[in-house]
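Here is a short note to read alongside the model. Keep the structure open and find each part as it comes up.

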Amino acid sequence: MNTFFLNSSETCIVCFKIKEDQFELIKHHVSYFPQKIAFVHYSCHNEIHNGKHPHLIQYKEGDSRKFYALANGLTEK
């Protein structure tokens, strides 16, 4: 499974600030199929899931469950 990274792990794709020791960046799945990941601050991640950046959610309900089931060798029910 190919993984596409939309930005560097050094700069948040939401606020464009660089990572700092006390504010590490985390991975956010923009899409699971295909797998697209953006690096963001935790607070920026909350903004994404609170609807402030809808372009950074390009998956359907249930995709994450299906993705992790496949990654763990499980079949989806």
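1. Start with helix α2, residues 63–71. It lies across β2 and β3 and runs at about 100 degrees to β2. Axes are lines fitted to C-alpha atoms, for helices over the stretch in contact, and angles run from 0 to 180 degrees between N-to-C directions. Helices (H or I, at least four residues) and strands (E, at least two) are DSSP runs, numbered from the N terminus.

2. A word on the source. This is a predicted model: local features need pLDDT of at least 70, side-chain atom pairs count only at pLDDT 80 or more, and totals for chains, interfaces and linings use all residues. Residues are numbered from 1 along each chain as its sequence is written, and side-chain values use heavy atoms, with hydrogens and water left out.

3. Which residues of α2 are buried? They are Asp63, Phe67 and Ala69. Buried means under 20% relative accessible area, exposed over 50%, partly exposed in between (1.4 Å probe, protein chains only). After α2 comes Gly73, with a positive phi near 75 degrees.

4. Now the sheet. It is open, has 3 strands in the order β1-β3-β2, and its pairing is mixed. Two strands pair if DSSP finds at least two bridges between them. β1 (3–5) and β2 (25–32) are at the edges with a single partner strand each, so one side of each has no neighbour in the sheet. Neighbouring strands are turned by 35 degrees against each other on average, direction ignored.

5. Look at β1 and β3 (residues 35–41). They pair in the parallel sense over 3 bridges. Phe4 stands opposite Lys36 in β3. Helix α1 (residues 42–49) packs on the sheet and touches β2 and β3. Its direction makes about 125 degrees with that of β3. Contact means heavy atoms within 4.5 Å.

6. Is His45 buried or exposed? His45, in helix α1, is buried, with a relative accessible area of 18%. Leaving out residues up to four places away in sequence, His45 touches Ile26, His28 and Val40.

7. Next, the rings. The whole structure holds 6 aromatic pairs. Rings of Phe, Tyr and Trp (its six-membered ring) pair if their centres lie within 6.5 Å; planes under 30 degrees apart count as stacked, over 60 as edge-to-face and the rest as tilted. Tyr32 is buried at 8% relative accessibility, while Tyr68 is partly exposed at 41%.

8. Phe67 and Tyr68 also pair edge-to-face, at 5.0 Å centre to centre with 85 degrees between the planes. Phe67 is buried, at 7% relative accessible area. Tyr32, Phe33, Tyr59, Phe67 and Tyr68 form one aromatic cluster. The charged end of Lys66 sits over the ring of Phe33, 5.3 Å from its centre. That label needs NZ of Lys or CZ of Arg within 6 Å of the ring centre and within 35 degrees of the ring normal.
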